Amino acid sequence: MAGEMVEIHQECFSLKKICDSGQCFRMREIGENRYGVIAFGKYLEMEQREESVRLFCTQEEYEALWRDYFDLDADYGIILRGVDRADVYLCEAMQYGSGIRILNQDLWEMMISFIISQQNNIKRIRKCIQTLCERFGEKKMDEYGGEYFDFPTPDSLARATEEELKDCNLGYRSRYIKKTAQQVVQRGGLSDLAAMSYTQAQEELMKFCGIGEKVSNCICLFALRKKEAFPVDTHIRQVLQKHYPQGFPFEQYKENAGVIQQYIFYYDLMDQG
């Protein structure tokens with residue numbers, strides 16, 4: 001596989017913006033315009049070029065995993081062009097975040113990641129998840145000779161003690177994570193959620209310990225392909241109060257409201273940062 005590569009020519013595909021957008025915590029910059037990501041037990045290195053993105057994998061692996069992971073069959077240009085030109089703030093946010101794509105990530109990993117994200121910042125979330133994976137995930141080797149760790153299974157986290165989880169700097173979230181892992185093991189997995197509607201999936205997710213409305217929306221958006229899910233955190237709440245005091249025009253964006261939300265979140269996050 002060494003030396004194999006797939007080159008993607010997509011107008012709306014920025015590795016840096018995706019990496020910094022707060023939806024994925026196991027993607028990182030490893031060199032100038034070069035990124036690495038761990039997902040679904042695989043490690044991928046990528047390179048941003050002026051006119052393309054290079055994925056260092058086989059065509060077979062690209063078709064089996066990464067094409068869907070990066071949502072590369074979706075035309076984000078249509079979403080960008082569909083924004084109301086009279087909405088100056090949203091036009092600015094969409095232009096600023098152009099290149100962000102909604103990743104189709106692992107459901108279990110998103111459940112734990114966004115439990116960890118509560119009252120937390122991106123840098124610290126990344127560190128907590130990295131430590132959790134190193135302590136409880138399976139060690140693997142990549143084709144470059146380096147090691148990486150898969151995301152811990154529900155079984156492994158269900159067996160962990162709260163003290164062991166607290167040693168990963170998870171604090172009060174340790175109890176939520178252990179209990180949720182136990183719930184997943186007891187119900188025999190999560191495969192049934194994929195077929196549920198957005199409303200059904202959200203209701204089912206909120207039965208797990210530590211998952212409320214905001215976290216369930218994040219999981220629906222980033223793992224269950226529910227692009228109508230619209231997570232509201234502190235950043236988004238402040239934006240809505242300032243720019244949409246009469247309410248956000250959900251009816252105008254419907255099935256892509258979550259995509260719009262991600263661009264708003266990124267714009268506000270970078271502006272604050």
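Here are a few notes on charges and on one helix in this model.

1. Ground rules: this is a predicted model, where local features need pLDDT of at least 70, side-chain atom pairs count only at pLDDT 80 or more, and totals for chains, interfaces and linings use all residues. Residues are numbered from 1 along each chain as its sequence is written, and side-chain values use heavy atoms, with hydrogens and water left out.

2. Salt bridges: the structure has 13 of them, each being a side-chain nitrogen of Lys or Arg within 4 Å of a carboxyl oxygen of Asp or Glu. Have a look at Arg 67, which pairs with Glu 63, closest N and O atoms 3.0 Å apart. Those two sit 4 residues apart in helix 2 (residues 59-69), so about one helical turn separates them. Helices here are DSSP runs (H or I, at least four residues) and strands are too (E, at least two), numbered from the N terminus. Arg 67 also bridges to Asp 73, again with closest N and O atoms 3.0 Å apart.

3. Exposure: buried means under 20% relative accessible area, exposed over 50%, and partly exposed in between (1.4 Å probe, protein chains only). Asp 73 is exposed at 60%, while Arg 67 is partly exposed at 29%.

4. Another pair: Asp 150 bridges to Lys 140, with closest N and O atoms 3.6 Å apart. Asp 150 is buried at 19%, whereas Lys 140 is partly exposed at 24%.

5. Helix 12 (residues 234-243): His 235, Ile 236, Val 239 and Leu 240 are buried. The face turned away from that buried side carries the exposed Gln 241 and Lys 242.
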